[in-house]
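This report concerns selected features of the structure shown below.

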Amino acid sequence: MSADTLQRAVPSPRPGRELRRAFADFLLRYGMILAIVALLVFFSAVNRNFMTLGNMLDVLRAVSILAIVAIGLTVTVVVGGIDASVGATTGLAVMLATALMVIWRAQWWLAILISFAAGAVVGLINAFLVIRLRIPDLLATLSTLYVVSGVQLTITRGDAVYRGMTNPYSPERALTTGEIQPEFLWLGQGMLFGTGDFRGIPVPVVLMLIVAVGFYLFLGHTRHGRLLYAVGGNPEATRLAGVNVDAYRLTAYLISALLATLGGLVLAARIGTGGIRAGDPYLLDAVAATYFGFAVLGARKANVFGTVLGAIFVGVMLNGLTMMNMPWYLQDVVKGAVLMASLGLSFYLKPKST
Amino acid sequence: MTASSVLRAVDVSKRFDGVVALDGVSFEVHAGQIHALVGANGAGKSTLIKVLSGYYDSYGGHVELDGKPVSLHRPSDAIRAGIEVVHQEVDTALVPTLSVAENVLIEHLAERASGLWIDWQHLRRESSRAMRRVGLEVNPARAVETLSLHEKQLLLIARAVRRKARFLILDEPTASLSLREAQLLFELLRDLARAGVGIVYISHRLGEVRELADVVTVLRAGRVAGRFQADAPTEQIIEAMLGTATSDLYPERPTRGPGEVVLEARGLRRQGSVEDVSFIARRGEILGITGLVGAGKTELLRLLFGADPLDGGALYLNGRLLRLRQPSDAVKAGIYLVPEERRRHGLLIESTVRENTTLPFLDKHTRWGWLSRRSELQSAERLTRLVGLTPPLPELPVKNLSGGNQQKVVIGRWFDGEPKAVLFDEATQGIDVRAKRDVFDLVHQWSQRAAVIYASSDIDEVMALADRVLVMRDGRVVAEVNPRQVSREAVLALATGVKDSIA
């Protein structure tokens with residue numbers, strides 16, 4: 001488009017089409033936010049207990065783990081990949097941290113440290129498969145999903161972890177003597193900033209806010225964030241502009257695995273036991289949240305703000321449906337259908353490229 | 001195919017969101033004629049061929065075939081009318097994983113009448129016949145993705161011929177062809193024209209247009225700006241394209257003494273593409289590299305930029321050994337590359353001008369880890385002014401810019417650096433005359449600050465710009481010549497292997 005064609009721009013002769021275009025743009029920008037507001041209005045209309053501070057904090061507490069995991073996934077989508085192993089990594093952290101404390105009587109901080117180390121190893125394996133061996137990201141991280149999922153079971157030889165469980169490594173089947181320490185449980189059950197008549201804000205929510213604000217600034221307002229987006233936009237052009245593309249892709253997979261680990265630790269602390277495969281649902285929910293977030297404010301790319309809203313959307317929907325006594329086995333059907341509708345909307349209404 | 005066949009666009013107009021792309025253009029091509037369509041980027045050439053190929057649902061004016069109005073609103077309409085297009089990006093019309101035979105007969109596969117089972121013998125026979133017609137000799141069972149660009153073009157022409165095309169439209173077919181391949185293509189097109197096919201030929205290269213075409217139509221800003229016989233003086237055609245009298249295309253060569261040696265290559269080698277290349281490049285001079293497509297120019301520049309690893313030899317920067325593991329090492333050392341394929345290797349096509357120009361030196365806009373958009377904008381505005389971007393809007397997505405302006409973005413991004421050597425690879429490919437002139441000016445500006453290495457298969461361009469020229473053939477430098485003392489023909493002879501030395 002040269003300067004003189006721009007100057008000769010004249011108003012389009014079809015106001016009807018203009019209006020439709022404007023409506024589509026509006027839906028693209030604010031559709032997600034509207035949907036959340038609509039859900040809130042709807043659920044509070046049908047159930048009085050929905051719009052209470054207590055329930056809202058419950059929703060946020062449930063959302064926070066998903067949001068943390070989904071933000072990690074978002075970073076890998078930003079560099080043009082995906083990390084299918086986040087759910088398994090979340091589960092690994094649950095089992096590893098609880099087993100370390102219960103079976104091996106590790107201190108809470110050591111359990112956390114070792115879990116993060118294990119998460120980092122998962123991230124490095126993903127990066128190695130994708131960057132060095134050049135396996136397509138989805139396939140590479142799917143194979144990691146398998147392995148990590150299996151390792152998670154192997155830690156306890158297939159048992160769940162709870163206080164007083166039989167020690168799977170003891171030939172005489174002795175009971176374990178370790179416990180999940182209160183400092184650890186605080187991560188999932190603690191409250192912060194409470195006053196006399198206010199219970200306070202749940203620690204997971206605070207953690208989510210820190211991660212969300214941190215990564216929002218990191219991706220949107222730092223050099224490294226910009227370069228992560230550049231890598232996702234055109235890796236070869238970015239490399240030829242003098243950027244160490246592989247280092248950024250590695251960083252993305254590392255971030256993804258570490259945030260999945262953090263999510264797992266909070267999950268374990270919230271439940272207080274180590275459930276088998278507790279992390280599994282987080283993969284699909286995180287993918288959903290990330291792609292819900294694609295369209296928020298017309299971003300048309302993975303972004304932290306959108307992902308958090310996407311996670312809130314999923315959380316509100318599930319909480320509301322549960323309070324309406326929707327059977328648990330139907331929830332996935334609803335989630336999937338809503339994801340279809342949302343993706344359909346954002347891809348079908350995609351602004352015309354000029 | 002009757003000899004009186006004629007395809008005529010009458011008063012065709014097309015606008016996009018209020019922007020006029022075609023404004024009452026009339027155009028006709030007769031059977032047996034080669035009609036060239038030229039014009040700067042954004043002049044409306046591709047919009048016109050899209051109208052003729054049924055790409056648009058709606059447009060103003062109408063199209064006539066043999067004097068009768070014909071409705072062209074779907075690609076299938078055009079094919080039924082016997083109009084076939086070979087687009088510049090041939091891959092968009094091919095299925096890379098299917099065989100050559102299946103691609104030639106692709107619409108046959110889609111027909112219900114062809115039955116449930118694929119008749120391989122029929123496919124092979126039919127496709128071979130069509131390919132013989134265009135001189136394409138490849139195994140019909142080969143996957144299309146293994147073909148060269150030239151072969152893919154011929155395949156598309158074979159497909160058109162098999163469908164009994166009466167009119168064939170080619171968009172910039174020689175943009176990435178070697179000289180020999182281009183000559184083969186021209187022979188084929190002349191041959192098809194003699195057989196009664198009407199050909200519309202779109203190109204930036206006036207030389208080949210004059211060689212090939214019978215008639216030339218010039219488009220400018222959506223209107224017909226002139227119609228010429230092919231033997232009209234080039235200056236007249238250029239004048240019609242630009243809308244102004246032609247000043248000299250190439251900038252004045254400044255007289256200057258050569259500066260100090262900046263970059264020295266000793267025996268560079270890359271398995272299969274570069275063999276034993278040595279040269280020096282001085283500050284304040286332009287070192288040209290020319291040769292046919294595939295001679296190893298791009299591969300050599302990639303070695304100098306660390307984009308591919310060396311298999312042998314050594315590079316010295318300011319007399320010190322330089323080890324490049326990846327492009328970021330080169331950028332840190334002050335070696336910058338303007339790559340050959342700007343859309344694939346140069347640009348973040350979905351991002352804005354600002355994001356593209358600040359990409360290599362983002363740390364200059366970073367304070368305490370914080371990226372300052374204001375600082376970025378200032379720099380982007382300065383750079384867009386420096387390179388003469390039109391329109392000068394830093395927040396415009398680069399995909400909305402013309403090819404020439406996109407190239408200015410890729411060149412402009414390095415202005416903020418501290419250059420020691422700047423490498424240009426086919427920097428004027430697919431950009432219009434006016435933008436070319438701007439690019440040449442920028443190349444000259446760079447040569448004031450750094451050693452410039454300018455690689456292009458356009459021999460005239462390299463001869464006009466460079467102070468010294470390396471001629472490459474089959475990965476080797478076969479000669480270093482002084483462009484002021486050697487003729488274009490001599491360089492061409494070296495590049496094609498007709499001669500092995502100037503002597």
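## Strand pairing in the sheet of chain B

In this predicted model, strands β3 (residues 34-38) and β9 (residues 215-220) of chain B pair in the parallel sense, over four bridges. Within this part of chain B, B:Leu37 stands opposite B:Thr217 of β9(B).

Both strands belong to an open sheet of six strands in chain B, ordered β6-β7-β8-β3-β9-β10, with mixed pairing.

## Helices of chain B

Helix α9 (residues 234-242) of chain B packs on this sheet and touches β3, β9 and β10 of chain B. The direction of α9(B) makes about 25° with that of β9(B).

Helix α16 of chain B comprises 17 residues (433-449). From first to last C-alpha, α16(B) reaches 25 Å, close to the 24 Å expected at 1.5 Å a residue. Among the buried residues of α16(B) are B:Val433, B:Arg434, B:Lys436, B:Asp438, B:Leu442 and B:Trp446.

## Overall form of chain A

Chain A contains 14 helices and two strands. The C-alpha trace of chain A spans about 85 × 55 × 40 Å along its principal axes. A compact globule of 354 residues would have a radius of gyration near 20 Å, and the 23 Å of chain A agrees with this.

Of the 354 residues in chain A, 46% are buried. Among contacts in chain A with a separation of 6 or more, 74% are between residues 24 or more positions apart.

Conventions
Residues numbered from 1 in each chain as written. Chains lettered and ligands numbered in written order. Predicted model: local features only at pLDDT ≥ 70, side-chain atom pairs only at ≥ 80, totals over all residues. Expected span 1.5 Å × (residues − 1). Buried ≥ 20, exposed ≤ 12 C-beta atoms within 10 Å, placed from the backbone. Pairing = 2+ DSSP bridges. Contact = placed C-beta atoms within 7 Å. Axes fitted to C-alpha atoms, helices over the stretch in contact; angles between N-to-C directions. Rg over C-alpha atoms; globule rule 2.2 N^0.38 Å.
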